[in-house]
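User: Hey, I'm new to this one. Could you walk me through a few spots?

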Amino acid sequence: MSVSATRADRVRWADTAKGLCILLVVLWHVVAKQYLRLEWPEGLRVPGVWGTFCELLLPLRMPLFFTISGMFALNAVHRPWRISARSRVARFLYLYLVWLLIHTALLGLAPDFPTDRATGPAGLLEQLTITPSNLWYLYALALYFVIAKLTWRFPRVVMLGAAFALSVAAASELVPVPGNRAGLLQNLVFFLLGLYFRPYVERLADGVNLPRFALATGVYGALLSAMAATGTEDVPGVWPVVCVAAAAFGVTGSAMLARWDRVAAPLIGIGRRTLPIYVIHMPVLALLDLALARPLAAALDTPFALPIAVLEPILLTAAISWFCLLLHRGLEAARLSRFLLDLPGGAKPRPAAETPPAAAPGHAAAPAGVAAPAGVAAHHPPAQPAVSPTARPAGALPTAAPAAPWPVPAAQPVTQPPAPQATPYPGPAAAPHHSSPFRQDTSGGHPHRVPPSPGLPQPGPASGYVPPDAQATLPYGAYLAVAPPPASHGPGEPAAQPYPAPHMPPGPGVPPDGRPVPDGPARPSPSGGPAPQPGAAPASWFEPPQAVRDASWSPGSPGDGHGAGTAAHDRPQAPAADRPWPPDPETTWPLYPRRGPHDPRS
């Protein structure tokens with residue numbers, strides 16, 4: 001009967017309604033089975049008022065109860081039978097059977113108490129099948145759920161129409177309804193209404209305000225007064241319509257009551273424990289009626305008859321409800337509630353010693369039997385107070401709390417893979433082309449550099465060959481002395497990629513120190529095309545290298561400019577007046593790369 005914490009806030013009004021309904025059920029049984037059977041003095045109209053009041057609430061109690069029960073059964077209808085049959089069918093049938101036997105034994109002690117009871121095996125079999133006892137609510141919940149799940153894919157109009165016709169026939173006694181069979185047949189329509197229209201019922205409760213509550217109260221009061229004044233409760237269709245209006249009034253009224261914490265708090269507590277009150281209150285009432293019959297009969301002849309007539313139903317209802325909750329607590333303490341208030345054999349609670357510790361936020365808990373790894377959470381212990389909480393003399397400075405010890409994980413044997421054997425890098429004659437690690441990138445235009453391998457020979461820059469893993473250890477100023485690209489290039493030739501001077505091999509027009517000569521031969525293009533004619537208009541020398549096909553900047557290739565003996569070094573350089581860049585390499589040019597491709601900052 002309890003709900004989860006997240007659902008408790010959302011269906012607060014539903015718990016309020018359930019608590020109010022179970023109290024009205026106990027009050028109705030107190031008035032009908034004990035209060036009105038007393039011999040009150042003539043002329044005292046208070047008992048008649050109590051009887052009329054409880055009869056006017058008949059359309060409200062059970063229809064509202066079943067509407068809320070249908071709402072809570074919506075999720076279980078969508079579950080497989082192997083899951084929902086236990087909690088929604090077997091559990092209620094088990095409770096009905098157990099408490100039917102208990103009621104039969106205890107009610108035998110009060111033979112004059114007016115309630116349905118089995119006097120033999122035939123009567124007990126009838127109560128177990130077609131005519132349930134005063135515990136018929138449990139029997140109805142199991143039966144209604146089976147019907148709802150079996151007919152879930154049926155058209156709702158058909159199901160509601162059939163259930164409404166059954167309710168009309170039972171309320172008008174068009175079919176025989178002995179005992180509590182009438183209630184079993186009348187309330188299926190309200191269970192289906194709560195099941196099918198749960199979103200609308202919740203919307204009605206969430207959006208309730210004083211005008212809407214007044215409207216629901218007025219409609220229910222008008223229909224109830226008209227039915228009572230005309231005596232048309234037996235007319236087919238009148239009673240179910242009044243019950244629908246009463247259920248709407250109960251939803252709005254419960255939602256209004258749920259906003260008053262002082263009133264709603266006890267009702268919510270009772271609403272979450274309706275089962276023990278429902279199954280226990282009838283034998284308790286029968287035994288109290290047997291015990292209080294003579295004392296009350298003697299007190300009615302005294303002047304205290306009027307106070308007793310006014311307060312006795314309220315006091316007896318409160319006392320019975322309190323005793324049922326107290327007995328429920330005792331059953332839980334004795335661990336008997338798992339047999340008397342639930343279906344045994346379900347999931348047992350895990351002992352406290354076996355409960356795994358809660359995982360830190362953002363970290364999944366380790367499976368059972370597996371040690372949690374010493375990861376980030378292990379190196380971040382819980383926060384310690386920055387100041388020691390111990391007392392210190394006045395004026396003394398606070399002392400810092402000792403730091404938490406750094407956890408040292410246990411040493412694990414680590415198997416290192418065997419180190420690869422270092423092989424000498426092949427010379428330029430053996431491997432003239434290395435386009436794979438040095439092929440020009442399509443994103444930045446600079447070749448990729450691979451980290452140096454320890455133990456490999458590192459030839460000097462004067463040899464004309466620079467291995468791909470050579471370290472750039474030159475001073476920063478040497479990277480600024482970059483040879484400018486040629487003024488133009490032939491058709492289909494990529495723009496020359498500037499290289500640092502230290503990587504340029506000595507050749508014609510390039511002194512051994514690496515600095516470019518202003519009037520010397522120009523840098524070759526990757527394709528080694530003819531030099532531009534003097535006086536020709538300089539073309540746009542900046543072209544993205546990735547847009548040119550068949551270009552490679554690999555060491556030793558014809559287009560890298562590093563091959564000793566390349567005929568491109570004999571190409572004459574354009575005059576200084578025809579250059580599109582200033583002769584000073586420190587001057588900034590918009591399209592001139594200030595940093596070389598091997599500059600650590602690039």
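Predicted model: local features only at pLDDT ≥ 70, side-chain atom pairs only at ≥ 80, totals over all residues.

User: Where is Asp-234 found?

Analyst: Asp-234 sits in the loop between α13 and α14.

User: Okay, new topic. Which residues make the nonpolar surface patch?

Analyst: That patch is made by Phe-164, Leu-215, Val-219, Leu-223 and Val-241, and its area is about 410 Å².

User: Which helix gives the largest share of the patch?

Analyst: That would be helix α13, residues 210-230, which supplies three residues.

User: What about Val-241, where is that one found?

Analyst: Val-241 belongs to helix α14, which covers residues 238-257.

User: Is Val-241 buried, partly exposed or exposed, then?

Analyst: Val-241 has a relative accessible area of 43%, so it counts as partly exposed. That label covers values between the 20% limit for buried and the 50% limit for exposed.

User: Let's switch to helix packing. At what angle do α6 and α8 pack?

Analyst: Helix α6 (residues 81-107) and helix α8 (residues 136-150) pack at an angle of about 155°. Their axes are 7 Å apart.

User: Roughly parallel or roughly antiparallel?

Analyst: Roughly antiparallel, because angles over 145 degrees are put in that class.

User: And is the crossing left-handed or right-handed?

Analyst: Left-handed, as α6 passes α8.

User: Now the backbone. What is phi of Glu-173?

Analyst: Phi of Glu-173 is near 55°, which is a positive value in a residue other than glycine. Glu-173 is in the loop between α9 (156-171) and α10 (181-186).

User: Buried or exposed, that Glu-173?

Analyst: Glu-173 counts as exposed, at 60% relative accessibility.

User: What about phi of Arg-335?

Analyst: Arg-335 is not a glycine, yet its phi is positive, about 60°. You'll find Arg-335 in the loop between α17 (305-333) and α18 (337-340).

User: And why does Arg-335 count as exposed?

Analyst: Because its relative accessibility is 61%, and the cut-off for exposed is over 50%.

User: Great, thanks!

Terms used: Residues numbered from 1 in each chain as written. Heavy atoms only, no water. Patch = residues over 30% accessible without salt bridge, like charges linked within 9 Å, V, L, I, M, F, W, Y side chains within 5 Å. Areas by Shrake-Rupley, 256 points an atom, 1.4 Å probe, with all protein chains shown as cover. Salt bridge = Lys/Arg side-chain N within 4 Å of Asp/Glu carboxyl O. Helix = DSSP H or I, 4+ residues; strand = E, 2+ residues; numbered from the N terminus. Buried < 20%, exposed > 50% of the residue type's maximum accessible area, 1.4 Å probe, protein only. Axes fitted to C-alpha atoms, helices over the stretch in contact; angles between N-to-C directions. Parallel < 35°, antiparallel > 145°, perpendicular 65-115°, else oblique. Left-handed = near helix turned anticlockwise from the far one by under 90°.
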